[in-house]
Amino acid sequence: MEPLFKPPLQTQRHQFVIDFIKRNKPKKVVDLGCSGCSLLKRLKFCREIELLVGVDQNGAKIKKKLHGLAPVSTDYLQPGFDQLRVELYQGSVTQKDTRLKGFDLVTSIELIEHLHLVDVGLFSDVVFGYMTPVAVIVSTPNSEFNPLLPGLTGFRHSDHKFEWTRAEFQSWALKVCVEYGYEVEFTGVGQAPPGQQRVGFCSQIGVFHRLRGRDGCNMLFGDDVDDVFPYTLLYSINYPSLRDNNILRRVLVSEVVYWAEKLKRGWMEKKTGEKDAFTRCYTVDGGEECISEQCMDTEKQTAYGGEMKGPMEKCGVSEDEQGEYKEGFGTNGHEQQVLCTSPRCVSVPLAVLWSCCPKVSALSGSLSNLRRLLMDDPKVELSQDGSAVLVYNQEQDRDDKEDHNNLEDRGYTEGSQFCYSAVDEEEWEAV
């Protein structure tokens, strides 16, 4: 049998919430009656949200599905500046809990019909009178649509205590607005078939907005002053974010190590003639400059696999009197030192890394902050004055080690030959 709704009705309800979040950008969102956390799993990708909370009376169902809200490996490998905290609670929506006050958005998707009618008033008082969120989205079945659902007798779910008509739902919603200082607009999802639109949507939705001047009015009541915590916290997690200094330092160090090694390799390839990494091309203010082939790409590869877009960087190349190469970064015709080298290491100035590597500058914010974040990190060795990163030439070390081994082998061979000669001489004298 062909499905009645495309996409499925649950997907349409969830998409309605996501579209609302994209338009209004709430930072703190709580989903009441989160059940299997299906909505929360989609909301965690909304970059506007900083605190995402789920509440349900069935703690076992939450525990069974909460793993879907945990960060994945890419969240740790490529953290962003967005921050997200997820919390899951076991509790009843008819009970007040201080931790749920002050949210920007409360969602109640197909929940209210699971309450007894005597508890609907408690639900209204908790959500609109105590929590006082900026906005509330409530969806519930439209009983007028039921005759169009094939094979349905009675309510849509065995646990439903009631199902409202549009008039009943609107009557409750308007009463809430009068009592608690909100305004509401009615809509829904799940279009009726052609010619049957008179029954309305399959799921009716009320979107409530708190009126101005309502902020903090719940504090006028004495029983709301005391903090109450009847809910049980089942799960909480902070997603990795670059706003965490430890994570920021880890990512920045990886980028610095990656780019310093890349600049060193470019210098070594040019020096050995394996690759012409720099091509002289034009003159600015009488000084010869060049464009690095690596800088000609507008998309810069990063150590964490992402791409950073930045302006084309200009690099000058000069050679001092002793024959050591020093590559310079050109800025308005002025040249400053970029790379200087000894047989064992290459010194990459922090100013060059900050200027030429877009992600390094974006992460650090300033040259002084870059130096501060790199100090005392075991993965980075700075020069004595802290102005440059020292990158050691491993190939040179291997060559030196091989030469040393060759010398040792040759010395052993010569020594052996000398010993054999001495023995022969003794034997000759004995004869």
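1. Disulfides. A disulfide is counted here when two cysteine sulfur atoms lie within 2.5 Å of each other. Searching the whole structure gives zero disulfides.

2. What kind of model this is. The model is predicted: local features need pLDDT of at least 70, side-chain atom pairs count only at pLDDT 80 or more, and totals for chains, interfaces and linings use all residues. Residues are numbered from 1 along each chain as its sequence is written, and side-chain values use heavy atoms, with hydrogens and water left out.

3. Overall make-up. The protein has eleven helices and 17 strands; these are DSSP runs numbered from the N terminus, with helices being H or I of at least four residues and strands E of at least two. Buried residues account for 42% of the 431 residues. Buried means under 20% relative accessible area, exposed means over 50%, and partly exposed is in between, with a 1.4 Å probe and protein chains only. A contact means heavy atoms within 4.5 Å. Among contacts between residues at least 6 apart in sequence, 68% join residues at least 24 apart.

4. Cys-37 is buried, at a relative accessible area of 0%. Cys-356 is also buried, at 7%.

5. Helix α6. Residues 166-180 form α6, which has 15 residues and reaches 21 Å from its first C-alpha to its last, close to the 21 Å expected at 1.5 Å a residue. The expected span is 1.5 Å times one less than the number of residues. Which residues of α6 are buried? They are Phe-169, Trp-172, Ala-173, Val-176, Cys-177 and Tyr-180. Seen down the axis of α6, these buried residues fall within an arc of 140°, so they line one face of the helix. The arc is taken from the directions from the helix axis to the C-beta atoms. An α-helix has 3.6 residues a turn, so residues three or four places apart point the same way.

6. Around α6. On the other side of α6, Ala-167, Lys-175 and Val-178 are exposed. The cover over the buried residues of α6 includes α5 (117-131), β5 (135-141), β6 (182-189) and β7 (203-210). Just after α6, Gly-181 takes a positive phi of about 80°.

7. Aromatic pairs. Rings of Phe, Tyr and Trp (its six-membered ring) pair if their centres lie within 6.5 Å; planes under 30 degrees apart count as stacked, over 60 as edge-to-face and the rest as tilted. The count by this rule is 13 aromatic pairs. For Tyr-89 and Tyr-231, the ring centres are 6.4 Å apart and the planes are at 50°, so the pair is tilted. This pair links distant parts of the chain, with Tyr-89 in strand β3 (residues 85-90) and Tyr-231 in the loop between β7 and β8 (232-238), 142 residues apart. Tyr-89 is buried, at 4% relative accessible area, and Tyr-231 is buried, at 5%.

8. Trp-164 is buried, at 10% relative accessible area, and Phe-169 is buried, at 1%. Ring pairs link Phe-128, Phe-162, Trp-164, Phe-169, Trp-172, Tyr-180, Tyr-182, Phe-186 and Phe-208 into a cluster.

9. Charges over rings. A charge sits over a ring if NZ of Lys or CZ of Arg is within 6 Å of the ring centre and within 35 degrees of the ring normal. The charged end of Lys-28 sits over the ring of Phe-103, 5.1 Å from its centre. Lys-101 lies over the face of Tyr-130, 4.8 Å from the ring centre.

10. Val-207. Val-207 lies in strand β7 and is buried, at 3% relative accessibility. Leaving out residues up to four places away in sequence, Val-207 touches Phe-16, Phe-20, Val-136, Glu-183, Val-184 and Glu-185. The C-alpha atoms of Val-207 and Ala-135 are 7.2 Å apart, although 72 residues separate them along the chain.

11. Pro-378. Pro-378 lies in the loop between α10 (367-374) and β17 (388-392). Is Pro-378 buried or exposed? Pro-378 counts as exposed, at 80% relative accessibility.
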